[in-house]
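My notes follow the order in which I looked.

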Amino acid sequence: MAPHALAAESDAASSLVAASNSDSAALLKANPFGTLVDPSSLRGVAYTSPAAIINQTVYAISSKIFSYETPGAPNLLDHHVQLWAQNYQRPNSFGVVPFFHQLQVRSGASNALLGYYSKNGTNGQPLSVLLASNALSYMQPALAAKSAASLPLALNVSAIDYDSVSNSLCSNYITSLSAARSLGYSVVTPVNLRDAAELQHLTVLNHYLAALTGTPSIHLFDGPEAAKTFTKFAGVASLDIVGHLYQSLLNSKAEFSSLDQAVAVAFESLNALTGKNYSFFEYAGHQSPDTVFVVYGSHESTELSTIVEKVASGAKIGLIKVRVPLPFNQAEFIKTVPKSTKRLVVLSQVSHDNQVSSSLKADITAALFLGGVYHNLSIEEFNYPLSFLWTPVTITKILNEFVSSLNPDLALLSAPSAPAADITANTSPEGKFLFWGKDDGLFLKNADKIALSLSLDDSKAVQIRNKFDNSNGGGLFQSQIVSAASSSNISSVDSADLVVLEDLSILNSYDVLATAKPGATILYISHKPITSIDEDVIPKLPLEFKRSLASNHNKLTLVDFSLIDELDAINSATSGLTSDFFIQLAFWRASLPELGGFIVNKLLQANGNDFELLAVVLDKFINTVDEKNGLREIPVLPEWVDLKEEVPEDQEKDEASKDSEEKKEEEKVEEEEEEVVLPFFPVESSFFPNPRLSNEGIEETTLGGYKELATKLAFSEAFNVKKELRPDLPVKNFVVKVQENKRLTPQEYSRNIFHIEFDTTGTGMKYEIGEALGIHGRNNSEEVEKFLEFYGVDGDDVVEVSNRDDASILEIRSARQTLAENVDFLGKPPKRFYEALAEYAEDDTEKSHLEKLASGEGAAELKKRQDVDFDTYVDVLEEFKSARPGFADLVKIIAPLKRREYSIASSQRMHPNAVHLLIVVVDWVDPRGRTRFGHCSKYLSDLKIGDELVVSVKPSVMKLPPLSTQPIVMSGLGTGLAPFKAFIEEKIWQEQQGLEIGEIYLYMGSRHKKEEYLYGELWEAYKDAGLLTHIGAAFSRDQPQKIYIQDKIRESIEELTDAIVTKNGSFYLCGPTWPVPDITACLEDIVQNGAKRAGTEIKEVAKVVEDMKEEGRYILEVY
């Protein structure tokens, strides 16, 4: 048995896990191959994560380690360091226990480091810091100060971030690179996450660079993959070897005159000591390529390199992996590009709105241009979002898009592994395996146990990557396990040899079979008793599932969990572990049937620390499963490919009676509707399962009367009752009053745009220029009363609802208040509502229809209901009359009302007790002829003077330049003018304080001057007073030819060149997204005009504009 399987958790480790916070404990126990309780034990061959290796290296050479909390888990980056330094007091390579301290991420986050340095110094040795990209952003202002310029900081930065667009954890390199570029720091990044030597060497190199230059240096590496991928590493250097390497680097001679040279010298010294050949860039692929791809990022480089090296034997293709993005060494890059290269394809990470990118293409273009080889190559770019998944299939698609001659089979098909000559208890199969299950189910621990057992075959390299999706199916889990002949053959799993499915309901959320290899085996668990496969199993399989099985030539095996109680009764010794054994038995039978009797050994290996059983007991268990036919192969029939949904006979008659032309038209519409495709991969929204709090003795939602409420209010201390304003909302809230509500457009005009003011006197509410006001709207009172009557509920009945953040806290409201303030019953229901409502349907037809809408099969109809018919929760309840959950249950399954943010149109310096908004009422007519409205805009437009409402404040990127003399150029469309009214009011206040203010340019766009010259009188008055320098108003429909805001901007290009280029002004755009490209092009023209005046030429003007974004001088707030 392998050493990593023998080491049981010590008592100290167990007590630590018990004492630690739950997240830290979960992170420490996440490695199925064992908790790493001592950094000195990490050496030679080890099963661990890249992040753990980086932790060990930092620990080995640091005397002081600071850490910042990270997205996804506060201790994601430092849980090992914390364990070693604070719990076990483990010495490092120099025989000392490093000082360790964790800090929170907030404004001025680096002040603690600067304070520590100024008080204690470092004796020339770097301070080690573990942090995520978001922390670096908060630290940037303080690090930009002169006092930080000579601080030797070894920053080990994880790119971990949370992408709010895809609701997933991701690696965001853009943020860190932007900060590093602005601060002038060097950045080194490993290009192979499976190479322990590189992970350790670059961590040491970064530490050495900080010591060598006496300035901060950044080691930037992947986020989720580095932290949560556990695999086999060979050649891991021990603490002593790492310490000796660092000391040898310090003793080496190094002379340099620039940061570029410092990095080059550091590489030379490192290579001389290690025998490696590290450089700024690394090439892989064909020796004489035509097309070369360029990529930056640890995980990206690792996965791409694996595929490129496979396909390079059949296509002239290559890959350059960027190890040092900053400073970008132009000469080294040109040297790395093979001379045969005709085309470079730059793979660039971009934000979802394509507004911010990693600037890699701009750096490469500049290098080629200045190196005199720009005209010899064509440069193309492939942009990928933060949430992009790098798998063999997605990578091959990218490569094939640019190299059509590429043979995909070389990348995607692997040669079948030769059967093992001598099967032993440790023999493991080669293959890729996927486990899909509920995140609180059996699969989570069993996937880990199987990975451990697989790893006991020393001739294999095993990798496991677990992902949690908290947003689908109440919490889902996927485990990717790869067993390969070597680490170089491992890649992400998108084509599995074996898929194990805990529950068929998962098929409602994901297209599981899309990640199964043709001919793969599918195992799924069934809990229902089976009399006949033909009657009890096959008819219950989802239609699309059967189609996919047949078209993909998959094998299907049922794991009969209805036998669990019977197996427990027969084999009492295995009681409590029967389910685990059953899953593991099914896996080994499917993945390596040749194991035979050695399966008993596999069960002992995987579960040895959990129980004491004799092999004979497990042998009896396996025989009993076979006798009971517990693993049943389900025949997959070829004709399943052509299966179609059966239409009930009465429905067929109804269809036949329709007018033929109408029927043809309906069929045409159905064909044109876009099919909703289920995702193939889990959305990794968390590093942990969905939290499930014990609510024993607490009813989540109850419906009571006024007597119960009166009792609780009368004896508030006994019932721990508190009165709070909107306790369901996670932000600080304020109650304000309407002091003005004025329509700005004529009554006869189709668009209702209005100005509204709120009195904030006595609320304590503060807001800054450019921030947004969150409106917590209410549902229309008439609609509330109509629904109460429709549902037969007394509006004064009391509803107790569990707080969304703490289920132990009950919020008490009336039914009327709940409908008015909390639930969006007039909104558009998502798929999960139909799924939840189906459980309450008493009519079989309605139940079936609801279940269909909640499945992939009903995706087209659901999309029509949501995007064409605009069905509300009320519409659905009226349609499905037999589905009537109690009111207390209903409010749990209806989505909550969400706040809506509007840009604030006032300066609090000018209006200390008020806040202004500029809003347009959103309205449309649905297919039923009903006039529909945007919830919040309609709510606000109906408010009367003196009405109260709940609001909150949200920060924004719309800020004025730091100097009052810097010009500002404001461009707004429609209600996008709101923040600019606030800007000008702030400028008035600045002038009143005696400050000199710079030029102010205002550009605006709308349809008609007569109807939509919003705040027009104000703008004209400000211009007449000499405050507003220029007004460029574009009214697109007031003349035969269309005039847009960009046309007005170009009319003033000379003045704007002075303002933006000469005087370092800032440019703002607020409003809809569609004019962004045109406005950006205007700004590029302004920059080019400035260069022309100066007698210079800018080749990459787009990069200059991107830099302006990063510097906060080109600010977009678009929607």
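The entries below concern a predicted model.

Entry one, the serine. I began with Ser186, which I found in strand E8, spanning residues 186-188. Is Ser186 buried or exposed? Its relative accessible area is 2%, below the 20% cut-off, so I recorded Ser186 as buried. I then listed what surrounds Ser186: setting aside neighbours within four places in sequence, its contacts are Leu209, Ser217, Ile218, Leu259, Val263, Leu326 and Pro327. With Ser217 I also noted a polar contact, side chain to side chain, at 2.9 Å.

I noted 36 aromatic pairs in the structure. I looked up the pair of Tyr173 and Tyr296, which is edge-to-face, with 5.1 Å from centre to centre and 70° between the planes. Which parts does this pair tie together? Tyr173 belongs to helix H8 (residues 173-183) and Tyr296 to strand E12 (residues 291-296), so the pair joins parts 123 residues apart in sequence. I checked the accessibility of both partners: Tyr173 is buried at 1% relative accessibility, and Tyr296 is buried with a relative accessible area of 5%.

I found Phe433, Phe435, Phe443, Phe587 and Trp588 linked into a cluster by ring pairs.

I recorded Arg909 over the face of Trp989, 4.2 Å from the ring centre. I also recorded the charged end of Lys981 over the ring of Tyr1015, at 5.7 Å from its centre.

Key:
Residues are numbered from 1 along each chain as its sequence is written. This is a predicted model: local features need pLDDT of at least 70, side-chain atom pairs count only at pLDDT 80 or more; totals for chains, interfaces and linings use all residues. Side-chain values use heavy atoms; hydrogens and water are left out. Helices (H or I, at least four residues) and strands (E, at least two) are DSSP runs, numbered from the N terminus. Buried means under 20% relative accessible area, exposed over 50%, partly exposed in between (1.4 Å probe, protein chains only). A polar contact is a pair of N or O atoms within 3.5 Å; within protein, one must be able to donate a hydrogen and the other to accept it, and residues adjacent in sequence count only if both atoms are side-chain atoms. Contact means heavy atoms within 4.5 Å. Rings of Phe, Tyr and Trp (its six-membered ring) pair if their centres lie within 6.5 Å; planes under 30 degrees apart count as stacked, over 60 as edge-to-face and the rest as tilted. A charge sits over a ring if NZ of Lys or CZ of Arg is within 6 Å of the ring centre and within 35 degrees of the ring normal.
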